[in-house]
Amino acid sequence: MNKISLKELEEKLDNEESFLLVTFSAGEEDVKKSELVEAFDESLNKEEQTAFYVNFDGESQETLDQLGEKYTPSEYKGDVWEPKDDGLVLIEDGGVMKNPRETLLGKSLIEGTADGADGYGSSFMEYMDGIDAGISSALEYAQQNNIELSY
């Protein structure tokens, strides 16, 4: 996975690119301890795919709400994109199209995993089945809808 900034993300979206994106909002230490990026990297490598990720830690809820509203296509029948929690999404021509439920990444999940709290794994490596399923689901959707991913 390739880390990008909010500004770089908006440029890619405004350029109407199509790609896999992972978003979340958590402290860098929790992200590192939980092995979140490493788990997604491993799963993406199995599929010979690349994705981008943005950590929105420190961004205001207003900024994230505006981002979600701006880049959720009006014809999309799903929920409005929630960049802070939706985790893996498929971007088609600059719009958020597919959100596999298996890869939601709420802050509490990342923190609980980093801390090894009761009911959480000690690493995102323990969630590989869900991560693999989410990536497969997004890629299947892209293939069925003739979406060509760019990097």
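Colleague: Let's begin at the end of helix H1. Which residue follows H1, and is its phi positive or negative?

Modeller: That's Glu16, which comes after H1 and has a positive phi, near 55 degrees. By helix I mean a DSSP run of H or I with at least four residues, by strand a run of E with at least two, both numbered from the N terminus. Keep in mind that this is a predicted model, where local features need pLDDT of at least 70 and side-chain atom pairs count only at pLDDT 80 or more, while totals for chains, interfaces and linings use all residues. Residues are numbered from 1 along each chain as its sequence is written, and side-chain values use heavy atoms, with hydrogens and water left out.

Colleague: How do I read burial along a helix like that? Which residues of H1 are buried?

Modeller: The general idea: an α-helix has 3.6 residues a turn, so residues three or four places apart point the same way. Buried means under 20% relative accessible area, exposed over 50%, and partly exposed lies in between (1.4 Å probe, protein chains only). In H1 (residues 6–14), the buried ones are Leu6, Leu9, Lys12 and Leu13. They line one face of the helix, because their directions fall within an arc of 120 degrees when you look down the axis of H1; the arc is taken from the directions between the helix axis and the C-beta atoms.

Colleague: What covers that face?

Modeller: E2, E3, H4 and E4 are among the elements covering the buried residues of H1. Lys12 also has its charged end over the ring of Phe19, 5.0 Å from the ring centre. The rule there is NZ of Lys or CZ of Arg within 6 Å of the ring centre and within 35 degrees of the ring normal.

Colleague: Phe19 brings us to strand E2. Which way do the side chains of E2 point?

Modeller: In a regular strand the side chains alternate between the two faces of the sheet. Here Phe19, Leu21 and Thr23 point one way from E2, with Leu20, Val22 and Phe24 pointing the other way, and all are buried. So E2 is largely enclosed by the rest of the structure, with 6 of its 6 residues buried.

Colleague: And which way do E4 and E3 run relative to E2, parallel or antiparallel?

Modeller: Strands pair if DSSP finds at least two bridges between them. E2 and E4 (residues 87–92) run antiparallel, joined by 5 bridges, and Thr23 stands opposite Gly87 in E4. E2 and E3 run parallel, also through 5 bridges, with Leu21 opposite Phe52 in E3.

Colleague: Now the rings. How many aromatic pairs are there?

Modeller: A pair of aromatic rings is described by the distance of the centres and the angle of the planes. Rings of Phe, Tyr and Trp (its six-membered ring) pair if their centres lie within 6.5 Å; planes under 30 degrees apart are stacked, over 60 edge-to-face, and the rest tilted. That gives 3 aromatic pairs. One of them, Phe19 with Phe52, is edge-to-face because the planes stand at 85 degrees, with the centres 5.5 Å apart. Phe19 is in E2 (residues 19–24) and Phe52 in E3 (residues 51–55), so this pair ties together parts 33 residues apart in sequence. Phe19 is buried at 0% relative accessible area, and Phe52 at 8%.

Colleague: Is the pair of Phe24 and Tyr53 stacked or edge-to-face?

Modeller: Stacked: 6.0 Å between centres and 15 degrees between planes. Phe24 is in E2 and Tyr53 in E3, so parts 29 residues apart in sequence are tied together. Both Phe24 and Tyr53 are buried.

Colleague: Last one: how do I read the core? Which residues touch the most other members of the largest nonpolar core?

Modeller: In soluble globular proteins, nonpolar side chains tend to be buried together. A nonpolar core is a set of buried Ala, Val, Leu, Ile, Met, Phe, Trp, Tyr and Cys residues joined through side-chain atoms within 4.5 Å. In the largest one, with 26 residues, Leu20 and Phe40 touch the most other members. E2, H3, E3, E4 and helix H6 (128–144) each give two or more residues to this core, and H6 gives the largest share, 6 residues. A second, separate core has 16 residues, including Leu6, Leu21, Tyr71 and Val89.

Colleague: What does Ser43 touch?

Modeller: Ser43 is in helix H3 (residues 36–46) and is buried at 2% relative accessibility. Contact means heavy atoms within 4.5 Å. Not counting residues up to four places away in sequence, Ser43 touches Met128, Ile131, Asp132 and Ile135.
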